Amino acid sequence: ANVPWYKQKCRVISIAVVLAMVVAVAVVVPLALIQDGDKNDAVNSGAPEEPTSRKNPEREAAIAARLVLVTPGGNETLMEPSTPQYRALQWLVYDDEMELDPAADHLQQRYLLMVIHFPSTKDASVDSRQWGSAVHECEWDEVQCKDKMDLMYEYGQDDIAWTDDTPQRIVTGLTLRQSLGGQIPEELSLLSFLQYLDLENNKLVGSLPSHIHELHKLNTLILSQNQLSNVDDIGEFKHLEHLSLSMNNFKGPLPASFENLKHLKTLDLHTNEFTGDLFQIINDFESLETIDVAFNDFNGTLSPLIGNMTNLTTILLGNNQFSGSIPEEIQFCKLLQDLSVEANHDLGGIIPAVLGQLTSLVFLNLSTCGFKGPLPASFGNLEKLKFLDVSFNNLDGALPKELGNATSLTTLGLAYNEFDGFIPSEFGSLTNL
């Protein structure tokens, strides 16, 4: 029978549709099976799954728009899959169980901490910090925070541009030990309210990143036990109160900017190769409480201005190249508990009797120097003294019987001198030796 032309056209179209569906099924089903198989293979082999960055592009874009503002290197760094910045972005978008809104006031702060965290997660001790858990980052191990209102009261409302983006809980302290290597993370400089930063016992090398000097609120910086070699701009931290650079690779004179650190209370430089005249730089550091520069190559004399450092409790100068004598002005350091100048071979003269006025002394090491003359009888006033070592000097004369009054002594070193006479019977009171 003759089929109208329009019905013939419909029949052709219908046949074409059916054929297209058959072809589609023939292609899609095997492809799906292949993809499922690949996915299962990836899971079974431990290989990473396909990146999740395509799952929620709107949320990712909104979060990325805020994070790029605090990413050194900008969008290029943030979107590069090999960077910790990209990894932190993906974690915030898809894996963070806190599921922050893109407008959350502490989004950037949380991101910066995770950028610091991700390069270090190969270390088992780092994983024990439990960073990335579903609580506020201020609850993570080794993170200290203060409330925004407390900081506004501490710093004033006019000196800082407080905004709605300023977190209600602000990171002010970090302790990151045995977890970092290479250069000091630049992201630290973006935690602008940091007051306390402890990076002891890592594998950090090189110098301080330039932007870290923007941490104008920093008062404690601990960088000991690393492999750092340059802190030329350390003086930019003009509000520092506690500084530890011990056990690094520092050599040569202290940087000129060091003179700006006049608020220091703790100066810890031991076990480096610093040189030069230390007291020429710190003469007017009158807030100092602790000086530990042992095992360096400092030279020069001990300044009489040390008497103005009346808050000193600890002076450790051993194993350097200091010369001259102990200044009489040290008598004004009434809080002094620990004094050690051992193994400064050109430091000598008469041991000043005024040391006996420092009745808070617990530890006194004057060994292996060039001291001569008698051992001061005034040492008998040191009732709290537990350790006294004057061995390997050129001391002479009789041992003072008054020393028997220092009944807290547990260690007494007198060997390799030129004392004469007998051991005083009063030494029998030293029952803790």
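Visitor: Which element gives the most to the lining of the largest pocket?
Guide: That's H5, with 3 residues. Bear in mind that this is a predicted model.

Visitor: What's the volume of that largest pocket, and which residues lie nearest its centre?
Guide: The volume is about 470 Å³. The lining has 20 residues, and Thr166, Pro167, Leu190, Ser192 and Phe193 lie nearest the centre. Besides H5, strand S2 (169-175) also gives two or more residues to this lining.

Visitor: And how does the lining divide by class?
Guide: You get 11 nonpolar, 5 polar and 4 charged residues.

Visitor: OK, what about the second largest pocket?
Guide: Its volume is about 170 Å³. There are 13 lining residues, with Pro119, Leu180, Gly181, Gln183 and Pro185 closest to the centre. H4, H5 and strand S3 (181-182) each give two or more residues to that lining.

Visitor: H4 and H5 again, then. At what angle do they pack?
Guide: About 130°, with the axes of H4 (residues 84-95) and H5 (residues 107-117) 9 Å apart. So H4 is oblique to H5, and the crossing is right-handed.

Visitor: Which residues make the contact?
Guide: From H4, Pro84, Gln85, Ala88, Leu89, Trp91 and Leu92; from H5, Leu107, Arg110, Tyr111, Met114 and Val115. By class that's 9 nonpolar, 1 polar and 1 charged.

Definitions and conventions
Residues are numbered from 1 along each chain as its sequence is written. This is a predicted model: local features need pLDDT of at least 70, side-chain atom pairs count only at pLDDT 80 or more; totals for chains, interfaces and linings use all residues. Side-chain values use heavy atoms; hydrogens and water are left out. Axes are lines fitted to C-alpha atoms, for helices over the stretch in contact, and angles run from 0 to 180 degrees between N-to-C directions. Helices (H or I, at least four residues) and strands (E, at least two) are DSSP runs, numbered from the N terminus. Angles under 35 degrees count as roughly parallel, over 145 as roughly antiparallel, 65 to 115 as roughly perpendicular and the rest as oblique. A crossing is left-handed if the near helix is turned anticlockwise from the far one by less than a right angle, and right-handed if clockwise. Contact means heavy atoms within 4.5 Å. Ala, Val, Leu, Ile, Met, Phe, Trp, Tyr, Cys and Pro count as nonpolar, Asp, Glu, Lys and Arg as charged, and the others, Gly among them, as polar. On a 1 Å grid over the protein atoms alone, a cavity is a set of points where a 1.4 Å probe fits but cannot get out, and a pocket is an open set with protein on both sides within 12 Å along at least five of seven lines; lining residues have an atom within 4 Å of a point. Grid points are joined across faces, edges and corners, and a volume is the space filled by probe spheres set on the points.
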